[in-house]
Amino acid sequence: MDWLEITIHTTTAGADIVSEKLMAEGATGTMVEDRADIPDPTKPNGIWEIIDPKLLEEMPEDVLVHAWFAPDETLGDHLQALREQLRGLQALLPDFDLGSLKLETLNVHDEDWSEVWKRFYKPFRAGKRLVVKPTWELYDKQEGDLVIEIDPGMAFGSGTHETTGMCMALLEDALRPGDRVMDVGCGSGILAIGAAMLGAKDVLAVDIDPDAVRVARENIAQNRLTDRVRAVEGNLLEGIDGTCEVCVANIIADVICMFAAPLNDHIVPGGLFICSGIIKEREQEVLDALKKAGYTVLEVRRKGEWVAMLSRRHS
C-alpha cells in the first residue's frame, strides 16, 4: 500500500499540538524528531553512554513531526484542513513559539500527491439534492440534482471532509431562496457555490489565502455562477461591508469563538450562522462563545471527531 508522509517543522513546545492536529485529520501515526530528546553525550548517564556524539550533529535544528496518510478520496481535504489549522494556530497564538509550521510532503513513487488522490475522488451525494462532482469525472445527473463541479486544487474543500459535508447539509436544510450568504474561509468555494445552487441571490466568499481565492473563482466560473457569487481575499470580514441572512464559516474553533461577536455587524437580526471545523473536545467552548455573542444554537451535528452547529442571531 502507498502512503503519503507529511512532515511539519515546529518546536519542542509545538510538537504535541501539531501531532494532535495530524491525528485529528486521520494520520495513522506520528513520530517526533527532536534534538531535545537526545541527552548530551558529553554528560553520560546510563545507556546514553553508548550514543555516538555525531548523532546530535546530524539531528535537524527544527523539531520535525512526521505523519503518514493513505492516499484515498479524503486525502486532499484532510491535507488542506491541516493547512488551514496550521495557519490558524500561527495567527491565534502569536506569543507561542510554534516555529515555522512549514509543511512538506514526500512523494509516493515519484507521483505528486495532488494527482494520486484524484484517482479516488469520485462524484458523491452531499445532501438530499446537492451532488459534488470532480471536474474530471462523469456523472449521470438525476432529476432534482444540484451538481457542483469542483476542482479543489490547493484549496480546502472537496466536500469529502466531515466538516464540509455537515455544513453543506445544514445549508440545504436552512437556506431559503433569496437569502444573502457570506462564506468565511471559503477555500475551494464549494459552500458558496452550493449556497447559490440552493437559491441564494448573492454570495460573498472570503479567504485569507490568495491561492484559495484563485481556485474559488475558477470553480465559481466552472459552475457559471459569477453573476451571484464573488470571491475576495480578506482576513475574516475585515473591510467587508454589507449584511447577510446566512453566514457559513468552516474554519477552526478558536477563530469561530473570536469571530462570533464581530459577525453581528454582518448578519441580520434573526439571521443564521453555520459553523464547523470544531473538534469534539472544543464543542462546549464554542457553544459558550456563541451564547455569549448573542446566538441561540438550534442544532448540533457530529461526525467522527468533528462538530457542526446551526445557530440564530437574536432579533
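This is a predicted model: local features need pLDDT of at least 70, side-chain atom pairs count only at pLDDT 80 or more; totals for chains, interfaces and linings use all residues.
Local features were taken at pLDDT of at least 70 and side-chain atom pairs only at pLDDT 80 or more, while totals for chains, interfaces and linings use all residues. Residues are numbered from 1 along each chain as its sequence is written, and side-chain values use heavy atoms, with hydrogens and water left out.

On a 1 Å grid over the protein atoms alone, a pocket is an open set of points where a 1.4 Å probe fits, with protein on both sides within 12 Å along at least five of seven lines. The largest pocket has a volume of about 330 Å³, a volume being the space filled by probe spheres set on the points, which are joined across faces, edges and corners. Its lining (residues with an atom within 4 Å of a point) comprises 17 residues, and Ile208, Asn235, Leu236, Ile251 and Val255 lie nearest the centre. Helix H3 (75-92), strand E9 (202-207) and helix H8 (253-259) each supply at least two lining residues; helices (H or I, at least four residues) and strands (E, at least two) are DSSP runs, numbered from the N terminus. H3 gives the most, with five residues.

Next comes threonine 164, found in helix H5 (residues 162-174). Threonine 164 counts as buried because its relative accessibility is 1%, and buried means under 20% relative accessible area (1.4 Å probe, protein chains only). The side chains of threonine 164 and asparagine 250 are joined by a polar contact of 3.4 Å; such a contact is a pair of N or O atoms within 3.5 Å, where one must be able to donate a hydrogen and the other to accept it, and residues adjacent in sequence count only if both atoms are side-chain atoms.

The aromatic rings complete the picture. Rings of Phe, Tyr and Trp (its six-membered ring) pair if their centres lie within 6.5 Å, with planes under 30 degrees apart stacked, over 60 edge-to-face and the rest tilted. By this rule there are two aromatic pairs.

Conventions: Buried means under 20% relative accessible area, exposed over 50%, partly exposed in between (1.4 Å probe, protein chains only).
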